[in-house]
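Good morning, and thank you for making time for this presentation. I would ask you to keep the sequence and the model in view while I speak.

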Amino acid sequence: MKRTIFALLFFLAWSSTLWAQESFYQGKAIRIIIGSSAGGGYDLWPRFVAPYLGQYIPGKPDIIAQNMPGAGSMVAANYVYGVAKPDGLTLGAINPALYFDQLVGRKEVQFDFSKFPWIGSPEQNEILHYIRTDTPYRTVEELRNAKEPPRCGSSGTGTTGHYIPRLLEEVLGIKSKIVDGYQGGAEIDLAVERGEVVCWSPLVATYFGREPYTSWHKKGFTRVLLQTGKKRDARLPDVPTIYELMDQYKTPESGQRLARVVLTAVTLGRPIMTTPGVPPERVNILREAYAKALSDPKLLAEAKKRNWEVDPLSGEEMDASAKEVIAQPPTVIERMKWVLGR
């Protein structure tokens with residue numbers, strides 16, 4: 001009898017909470033503040049998920065995407081963290097590498113990366129480092145011994161084109177001449193074709209997901225020398241990971257820790273978060289709805305047509321990663337500043 005009463009009370013409490021949240025979201029709209037300009041991956045992914053997300057939130061609110069670019073997503077992050085109401089009606093879609101700026105103490109940072117309530121991410125990325133095959137460098141060992149460092153393209157200090165070559169110098173002794181100033185990946189592609197630069201460090205998903213890389217790889221125009229995943233990508237079975245190489249070259253623990261901190265950013269994919277102070281039950285509803293949206297058969301079918309890989313990261317997993325990367329000793333932070341060109 002006691003079990004029956006307990007079960008009934010639990011069901012009534014659960015039903016009351018569900019009704020309250022459905023009543024809250026009914027007839028309302030959720031804004032996704034996108035911290036980048038229109039057209040890139042950090043913009044396309046949240047817009048793609050938005051219509052599916054609304055279907056899985058009790059009350060089926062409208063989902064409205066709004067671009068708020070600036071300072072590599074910092075404007076949007078500052079807004080979601082300190083300006084938006086903590087009511088569960090504002091989400092943010094930002095560049096995960098923003099925690100770099102917090103670690104190195106940029107004064108523009110008005111958020112604590114570890115205190116965002118994270119909702120989830122649709123994918124987990126890795127980076128690769130490629131070089132033109134008409135250069136004399138065929139292996140990491142030859143890069144380490146290069147008399148003339150190869151010229152690598154970059155579009156800024158906070159991008160993979162800058163911090164990956166710097167990280168490789170720090171942990172593997174690979175020197176590169178970084179050529180900054182390009183507006184973005186497309187401009188770097190042209191520079192590689194013209195021979196102005198011969199190497200770059202894009203996402204693995206980018207390299208296998210669009211031109212000119214697909215053609216370059218098939219024709220043997222480029223050679224991938226390393227990848228940042230903890231295990232080798234199935235499409236790059238003969239390419240060593242940075243972790244294998246750090247073991248091979250006996251990188252000190254301090255360097256390996258630095259690599260883990262830097263490379264966490266890309267594994268966070270295209271993250272979604274909300275404002276600190278949102279009631280826990282609403283955070284849970286948003287997390288569950290986001291996870292269900294990413295497993296929707298229609299979404300998966302459309303993602304496949306676009307050659308997008310869906311490899312979700314849960315809000316709980318992101319929360320743990322965010323807290324871990326922010327808790328770093330001064331020695332790691334000082335090396336971070338060098339890697340980022342601060």
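Predicted model: local features only at pLDDT ≥ 70, side-chain atom pairs only at ≥ 80, totals over all residues.

In which loop is Lys 250 found? Lys 250 is found in the loop between α10 and α11.

Setting aside neighbours within four places in sequence, Tyr 249 is in contact with Val 140, Glu 141, Arg 144 and Leu 172. Take Glu 141 from that list: 108 residues separate it from Tyr 249 in sequence, yet the C-alpha to C-alpha distance is 9.8 Å.

Pro 212 lies between α8 and α9, the latter spanning 213-219. The peptide bond that leads from Glu 211 to Pro 212 is cis, with omega near 5°.

I turn now to helix packing. Two packed helices are described by the angle between their axes and the distance between the axes.

Let us begin with α11 and α15, the latter being residues 330-339. Their axes come within 10 Å and cross at roughly 60°. The two helices, α11 and α15, are therefore oblique to each other, and their crossing is right-handed. On the α11 side, the residues that meet α15 are Arg 257, Leu 258, Val 261 and Val 262. Their partners in α15 are Val 332, Arg 335, Met 336 and Val 339. By class, this contact has 6 nonpolar residues, no polar ones and 2 charged ones.

Helix α15 also packs with α6, residues 160-172. Here the angle is about 125° and the axes are 9 Å apart. α6 and α15 are therefore oblique to each other. From α6, the contact is made by His 162, Tyr 163, Arg 166, Leu 167, Glu 169 and Glu 170, while α15 supplies Arg 335, Trp 338 and Val 339. The residues of this contact divide into 4 nonpolar, 1 polar and 4 charged.

The contact involves Phe 48, Val 49 and Tyr 52 of α2, together with Lys 298, Leu 299, Glu 302 and Ala 303 of α13. Its residues comprise 5 nonpolar, no polar and 2 charged.

Finally, I come to the second largest pocket. Its volume is about 780 Å³. The lining of this pocket is made up of 30 residues, and those that lie nearest its centre are Gln 124, Asn 125, Glu 126, Lys 230 and Thr 267. Which elements give two or more residues to the lining of this pocket? They are α8 (204-209), α11 (253-267) and α14 (315-326). Sorted by class, the lining contains 9 nonpolar, 9 polar and 12 charged residues.

That concludes my presentation, and I welcome your questions.

How values were computed
Residues numbered from 1 in each chain as written. Heavy atoms only, no water. 1 Å grid on protein atoms, 1.4 Å probe; cavity = no way out; pocket = protein on both sides within 12 Å on 5 of 7 lines; lining within 4 Å. Points joined across faces, edges and corners; volume = space filled by probe spheres on them. Helix = DSSP H or I, 4+ residues; strand = E, 2+ residues; numbered from the N terminus. Nonpolar A, V, L, I, M, F, W, Y, C, P; charged D, E, K, R; others polar. Contact = heavy atoms within 4.5 Å. Axes fitted to C-alpha atoms, helices over the stretch in contact; angles between N-to-C directions. Parallel < 35°, antiparallel > 145°, perpendicular 65-115°, else oblique. Left-handed = near helix turned anticlockwise from the far one by under 90°.
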